[in-house]
Amino acid sequence: MAVSENTRTLPVARRRVFAALGLLAATPAGAMAGSAAVGAPVTVYRPEPHTAPGIALALADLRAAQADLDGIQARFQILPDDDDNPERVAAENALDMATGRFRNATLDMVGARATTFADMLAKAEALCLALLDGALYEINTPPEEQGEAHDRLAWSLARDILALGHLPAGRA
Amino acid sequence: MVKIPTASPSVEASHAIPAISHILAELRAIDADRLAIEQSGHSLPRGICPATRAQEAALSAIMDRFYGTVGAMTETTAVTFGDFQAKAEALSIALRLLTFGGHDPEDTANGTLQERLAWSLCRDLLGMASASTPKGA
């Protein structure tokens, strides 16, 4: 099992969105990586201590799965367009696995119940990630201008919660 | 003769910033109107008739109002917990109308993952509000 350090591998557009929200500062600096049966590195983030255990674990897994998805998608861009290429097959397997992990972590978050503001922050970040991945993600178009009415309102709520969570103490 | 309800008066809550409070009140009124129009349709005869056309036109006008109001809420910035609650209520109304309809939002078979997570966040935000309200308030 190969183990390596892995910090953020967000693509530029996503990095800009999250930097605007102040989210990158909240990302755990120390990240560990393992390897999957398919041979692709699997990122593991340590849960942050300030949220409820179920939510903390789900958020850490969600961030890690997202980092893997971004890394795998970057790999696809340099692989030849050949379905028989073993590297491509491995990347597709890794993509399926990371997608499943992302979905499971999001499902865990759906089932978790937030009872503190820190929990709300975690859930809002999860919602931002889910919206960017599913309903809203389109490069160079602000999320406020994408998706259906309820998607845009969901983004707007999550954005405001995250922004308040990153204000200096005393401002909220 | 089926009477199509006219616009309900909006009642603003005092806990949120003015724009959010006003928009939420409007959304609640729209939701009440939509429900009344749908219920009035239950007593309509089957098939196309002036009354069903009037109901369809009223529902269409309601939904135009609804989309405009949701859009206005999207453009606001919540800065207090009361604002978050107001926005969460607006989102839960939007999700109920646009996504879940008469279905159970907690049921894993309904809605996309993003929609269910949004619903879950709203539920928790609104739940925190009721949990922190003193009994009898």
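Are Phe100(B) and Trp119(B) buried or exposed? Both residues are buried, where buried means under 20% relative accessible area, exposed over 50% and partly exposed in between, computed with a 1.4 Å probe on protein chains only. The model is predicted, so local features need pLDDT of at least 70 and side-chain atom pairs count only at pLDDT 80 or more, whereas totals for chains, interfaces and linings use all residues. Residues are numbered from 1 along each chain as its sequence is written, chains are lettered from A and ligands numbered from 1 in the order in which they are written, and side-chain values use heavy atoms, with hydrogens and water left out.

The description begins with the two chains. Chain A has five helices and two strands, and its elements run α-β-β-α-α-α-α from the N terminus on. Helices (H or I, at least four residues) and strands (E, at least two) are DSSP runs, numbered from the N terminus. Of the 172 residues in chain A, 47% are buried. Contact means heavy atoms within 4.5 Å; among the contacts in chain A with a separation of 6 or more, 59% are between residues 24 or more positions apart. Chain B has four helices and zero strands, in the pattern α-α-α-α along the sequence. Its 137 residues are 45% buried, and 64% of the contacts in chain B between residues at least 6 apart in sequence join residues at least 24 apart.

The nonpolar interior comes next. In soluble globular proteins, nonpolar side chains tend to be buried together. A nonpolar core is a set of buried Ala, Val, Leu, Ile, Met, Phe, Trp, Tyr and Cys residues joined through side-chain atoms within 4.5 Å. The largest such core has 68 residues, and those with the most contacts inside it are Leu127(A), Leu157(A), Ile161(A), Phe66(B), Leu91(B) and Leu125(B). Two or more residues each come from helix H2 (53–78), H3, H4 and helix H5 (149–165) of chain A, and from helix H1 (18–41), helix H2 (50–74), H3 and H4 of chain B. H4(A) gives the most, with 12 residues. Leaving aside neighbours within four places in sequence, Leu125(B) is in contact with Met120(A), Leu157(A) and Ile161(A), as well as with Phe81(B), Phe84(B), Gln85(B) and Ala88(B).

Helix H5 of chain A also holds Leu162(A), which counts as buried because its relative accessibility is 1%.

In chain B, helix H3 is mostly covered, with 15 of its 20 residues buried. Lys87(B) lies in this helix and has a relative accessible area of 0%, so Lys87(B) is buried. Apart from neighbours within four places in sequence, the contacts of Lys87(B) include Leu153(A), Ser156(A), Leu157(A), Arg159(A) and Asp160(A) in chain A, and Met73(B) and Thr74(B) in chain B. H3(B) is followed by Gly101(B), whose phi is positive, near 55°.

The aromatic residues form a further set of relations. A pair of aromatic rings is described by the distance of the centres and the angle of the planes. Rings of Phe, Tyr and Trp (its six-membered ring) pair if their centres lie within 6.5 Å; planes under 30 degrees apart count as stacked, over 60 as edge-to-face and the rest as tilted. Over all chains, the structure holds three aromatic pairs. One of them joins Phe66(B) and Tyr67(B) edge-to-face, at 5.9 Å centre to centre and 70° between the planes. Phe66(B) is buried because its relative accessibility is 1%, whereas Tyr67(B), at 43%, counts as partly exposed. The rings of Phe100(B) and Trp119(B) have centres 5.5 Å apart and planes at 75°, so this pair is edge-to-face. Because Phe100(B) lies in helix H3 (residues 81–100) of chain B and Trp119(B) in helix H4 of chain B, the pair ties together parts that are 19 residues apart in sequence.
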